[in-house]
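Subject: Structure for your review

Dear colleague,

Please find below the structure that I am handing over to you, together with its sequence. My findings follow it.

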Amino acid sequence: MKITTFHFPFFLLFLSGLVLVSCNRNGVSSKTGVPYNDPYNGGLQINRKVKEGPGPGLIVIEGGTFVMGGSLNEDITYAHDNLKRRVTVASFYMDETEVSNADWLEYLHWLNQNFPDDNELYYNALPDTLVWRHPLSYNEPYVDLYLRHPAYQDYPVVGVTWEQANAYSAWRTDRVNEHILRERGALVDYRALSESQSRPGEPFNTDIYLNGQYRGEGIDGERMPQDNRPGAEDGARRPVRMEDGILKQPYRLPTEAEWEYAALGLVGNTEYGNIESGKVYPWNGLGVRSAKRRTQGLIMANFKPTGGDNMGVAGYLNDGGDITVSVTSYLPNDYGLYNMAGNVNEWVADVYRQLSFEDFQDFNPFRGNVYMDKQYEDAEKGIIAKDRYGRPIKVPAKAPRKQTWEELQAATGDSAQNSFDYDVRGFADETNSELYGVTTLINDKARVYKGGSWNDRAYWLNPATRRFMQQDQSNAMTGFRCAMTLVGSPEINTRSKPTFPANRSAGQGDRKFLGLF
């Protein structure tokens, strides 16, 4: 029998390489060799095994390049406000459906439960149900019933302003993150919270929590992460950090570019990096009726085909809705989004300008980005100022860059003075407040809405069309859905695409060493 020669030194070298790789996977810096998560060496915690996912209600939208305004074949209004230009939209998350009446009632219930004596807060969150009224139309039943009757609970909420939609998005962020922390045991669970005699005086807020200002008896859970900092007692716990990868990014309104990109759903028409055919609506084809054999002739969305025809004739209603319909009606587009055309128009984040396409960037285009910063109550100690509802007070940023320590310490309570206006809106943006309401309806509070509604003609179902309304106004034809930024790699669909082998988690030197074998 032949005995294979065993090179022991070479074998040790091989094992040392495996140890390097193994240690790196368990948390070792590839640049210094210092282990992570070591309480005796600083306690730095680096989490490499975090799997990012969408928050509740959201689905992933893989980004890419598209021609914004490209689906509009004819500008019949002669507005010339969405001329074609190629842009790139980063991957993000978006609500599968519009926010419904049931969703809004959950919001109102929470406000009433946590601030039972604050009538102003509750009143300001109420939708304007009077938007249904018209002097020559009997819509009074919708005024009283549309928001609260169970028959309409899955219908989209309307009568909400742009400002209310943003307030809901911020509230939803905090509720989702609070639920995650309570489910994981980082905060006391709901039952213990309800039975506690020392309930916290203010509700959970994500920013305040991350800044270490939401702690104490009746708040901290039993399964908080271990505190590995030097000098910490054995078994000491700490709040969850953003570095842990547990908390979700903020919910927000989608930008106009994100909304138009998601509505088109060109991912279903793409093969090998080429868009095989364009779209006029969120579905394929040039018309508003289904061309498939089994559903041929059925209307694809809830809109108004002609004047005086909101739903067709008795016995064979064309779209099945006299006003709005359930948020899960009709077929979703190729991203899985429902009612991206018709039912209700939807607020987006952008400020309206007719010539925005000439100004904004070709990557994640957005207009209205006046950056807001959190105001400090004590800048030296890093304590964030809170309003009476426990939310951080936000003011326009004072500088286009990170301030020096000296500048930060010199900050006063009135941080809005000499603020830096990133978007250079107002007078420099050719908006004259003296002319508002006389020669123009456009000012810094004019916000874009898109999508068409139950009371609009088919033209407005095209994702490229755009209209605007003041951010403190509402109507019976406009609702909204939320979005969320996707972090990490933008690539979602890889099954039909060849890819390079995944890199090892070891450092570059380790990979070179292993290449010897």
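**Findings in the predicted model**

N343 is located in the loop that connects β9 and β10. Please note that this is a predicted model. Although N343 is not a glycine, its phi is positive, at about 70 degrees. N343 has a relative accessible area of 0% and is therefore buried. A second residue of the loop between β9 and β10 is N339. N339 is likewise not a glycine, yet it has a positive phi of about 55 degrees. With a relative accessibility of 5%, N339 also counts as buried.

**Overall composition**

The protein chain contains 11 helices and 18 strands. Of its 517 residues, 43% are buried. When contacts between residues at least 6 apart in sequence are considered, 68% of them join residues at least 24 apart.

**The four-stranded sheet**

Four strands form an open sheet in the order β16-β15-β10-β17, and their pairing is mixed.

Strand β15 comprises residues 446-450 and runs antiparallel to β16, to which four bridges join it. Within this pairing, A446 stands opposite Q470 of β16, and R447 has M469 of β16 as its bridge partner. β15 also pairs with β10 (residues 345-351), again in the antiparallel sense, over three bridges. There, E346 has K450 of β15 as its bridge partner.

How many of the five residues of β15 are buried? Five of the five are, so the strand is largely enclosed by the rest of the structure. The burial involves both faces of β15: A446, V448 and K450 lie on one side, R447 and Y449 lie on the other, and all are buried. In general, the side chains of a regular strand alternate between the two faces of the sheet.

The volume of the second largest pocket is about 880 Å³. It is lined by 33 residues, of which E106, W110, W171, R175 and E178 are the closest to its centre. By class, the lining of this pocket consists of 14 nonpolar, eight polar and 11 charged residues.

Which helices each supply at least two residues of this lining? They include α2 (101-114), α5 (162-184) and α6 (190-195). The largest share, nine residues, comes from α5.

Helix α5 itself has 23 residues, and the distance from its first C-alpha to its last is 33 Å, close to the 33 Å expected at 1.5 Å a residue. G185 follows α5 and has a positive phi, near 90 degrees. As a general point, an α-helix has 3.6 residues a turn, so residues three or four places apart point the same way.

**The cavity**

A search of the whole structure for cavities of 30 Å³ or more finds one. The space in the largest cavity amounts to about 50 Å³. Its lining is formed by N101, P127, D128, T129, W132, Y146, L147, V157 and V158. Six of these lining residues are nonpolar, two are polar and one is charged.

A262 belongs to helix α8 (residues 256-264). This residue is buried, and its relative accessible area is 0%. Leaving aside residues up to four places away in sequence, A262 touches I61, F92, M94, N333, Y335, L337 and M340. A262 and M340 are 78 residues apart along the chain, while their C-alpha atoms are separated by 8.3 Å.

T97 is situated in the loop between β4 (92-95) and α2. Is T97 buried or exposed? Its relative accessible area is 17%, and since buried means under 20%, T97 is counted as buried. Apart from residues up to four places away in sequence, T97 touches V327, T328, Y338 and R481.

With kind regards

Terms used: Residues are numbered from 1 along each chain as its sequence is written. This is a predicted model: local features need pLDDT of at least 70, side-chain atom pairs count only at pLDDT 80 or more; totals for chains, interfaces and linings use all residues. Side-chain values use heavy atoms; hydrogens and water are left out. On a 1 Å grid over the protein atoms alone, a cavity is a set of points where a 1.4 Å probe fits but cannot get out, and a pocket is an open set with protein on both sides within 12 Å along at least five of seven lines; lining residues have an atom within 4 Å of a point. Grid points are joined across faces, edges and corners, and a volume is the space filled by probe spheres set on the points. Ala, Val, Leu, Ile, Met, Phe, Trp, Tyr, Cys and Pro count as nonpolar, Asp, Glu, Lys and Arg as charged, and the others, Gly among them, as polar. Two strands pair if DSSP finds at least two bridges between them. The expected span of a helix is 1.5 Å times one less than its number of residues. Buried means under 20% relative accessible area, exposed over 50%, partly exposed in between (1.4 Å probe, protein chains only). Contact means heavy atoms within 4.5 Å.
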